[in-house]
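Colleague: Walk me through this one, please. I'd like to go through it piece by piece.

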Amino acid sequence: MTQTEPALAAPLRPSTVDFGAILAAHAERTARTLALRPGNKDRLFDGLMAAGITHVTVIFDGAGDSGQIESIGAWAGETAVDFPATEIPYAALTWDDPEVEIRQLPLEDVVEQLTYDFLSDTHGGWENNDGAWGEFCFDAAARCIHLEFNERFTSSELYTHDF
C-alpha cells in the first residue's frame, strides 16, 4: 500500500471578522443618512420656491449594469425655466468621516443627488440586467416628490404538448 497526499485542504480557521458589528455599523449609518433627508428636502423646496420654480421633472433610464439621469427640467407653472445659479446647503455623510458634512450645492445638483438616493432606497439595482426607467416630479408647491417607476424584465413561457 502506498501513502498519498490528502486531496482536501485543511479546514480554514474560524473567521475573526465580527459580521454582527459590521451589519450594526451599516444599519446605524443608514439610519443617520435617512435622518438627513427631511432637512435636505426642506432646503431644496425652499430654494426652488424662492427661485420661482413650481416643479422639477427628472427622467432616468438604466440597464446592463449602468443607469443615468436623462434629463432634469425646471418649471414655473407650465413654462420651462433654467435653474438659477443658487446654491443651498446639502447635508451628507462621507465614507471616511463619521461627522455630517454640509456642502453648498447648486439646486440642480441637489435634485440629482436626491433622485439617485431615492432610487437606491426604493429600487436598489434599478440599473442592473434589463433595468428600469421612469420619472420623478419634485413638486415644490406641494412639497412632495412623486416617482413613476417602470421595471423591465425578460420573460419566457414554456408550453409542452403531448399528442
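Modeller: First, a contact here means heavy atoms within 4.5 Å. It's a predicted model, where local features need pLDDT of at least 70 and side-chain atom pairs pLDDT 80 or more, while totals for chains, interfaces and linings use all residues. Residues count from 1 along each chain as its sequence is written, and side-chain values use heavy atoms, without hydrogens and water.

Colleague: Let's begin with E148. Which residues is E148 in contact with, leaving aside neighbours within four places in sequence?

Modeller: E148 sits in strand β7 (strands are DSSP E runs of at least two residues, helices H or I runs of at least four, both numbered from the N terminus). W133 lies 15 residues away along the chain, with 8.6 Å between its C-alpha atom and that of E148. With neighbours within four places set aside, the contacts of E148 are F60, W133, G134 and E135.

Colleague: And which residue stands opposite E148 in the strand pairing?

Modeller: Two strands pair if DSSP finds at least two bridges between them. β6, residues 132-139, and β7 pair in the antiparallel sense over 8 bridges. In that pairing G134 has F149 as its bridge partner, and opposite E148 stands E135.

Colleague: Which residue in the β6 and β7 hairpin takes a positive phi?

Modeller: The hairpin of β6 and β7 has 4 residues between the strands. The phi in question comes out near 55 degrees, and the residue is R143.

Colleague: Zooming out, which strands stand at the edges of the sheet?

Modeller: The sheet is open and has 5 strands with antiparallel pairing, in the order β3-β2-β1-β6-β7. Neighbouring strands are turned by 25 degrees against each other on average, direction ignored. An edge strand has a single partner, so one side of it is left without a neighbour in the sheet, and that applies to β3 (79-81) and β7 (144-151).

Colleague: Over how many bridges do β1 and β2 pair?

Modeller: β1 covers 55-63 and β2 covers 66-76. Their hairpin has 2 residues between the strands, and G64 takes a positive phi near 60 degrees there. V56 has A74 in β2 as its bridge partner. The antiparallel pairing of β1 and β2 has a bridge count of 9.

Colleague: A74 again, then. Which residue in β3 stands opposite A74?

Modeller: β2 and β3 run antiparallel and are joined by 3 bridges. The two form a hairpin with 2 residues between them, and G77 in the turn has a positive phi of about 70 degrees. The β3 residue opposite A74 is V81.

Colleague: Now the helices. At roughly what angle do the axes of α1 and α2 cross?

Modeller: α1 covers 19-50 and α2 covers 107-122. L34, R37, K41, L44, G47 and L48 in α1 meet L107, V110, V111, L114, D117, F118 and D121 in α2. Axes are lines fitted to C-alpha atoms, for helices over the stretch in contact, with angles from 0 to 180 degrees between N-to-C directions. The α1 and α2 axes come within 11 Å, and the crossing angle is roughly 145 degrees.

Colleague: What about α2 and the sheet: at about what angle does α2 run to β2?

Modeller: α2 lies across β1, β2, β6 and β7. Its direction relative to β2 is about 130 degrees.

Colleague: Last one: which element gives the most to the lining of the largest pocket?

Modeller: A pocket is an open set of points on a 1 Å grid where a 1.4 Å probe fits, with protein on both sides within 12 Å along at least five of seven lines, and lining residues have an atom within 4 Å of a point. The largest one is lined by 18 residues, with R29, T33, R37, L93 and D117 nearest its centre. Two or more lining residues come from each of α1, β4 (87-94) and α2. With 8 residues, the top contributor is α1.
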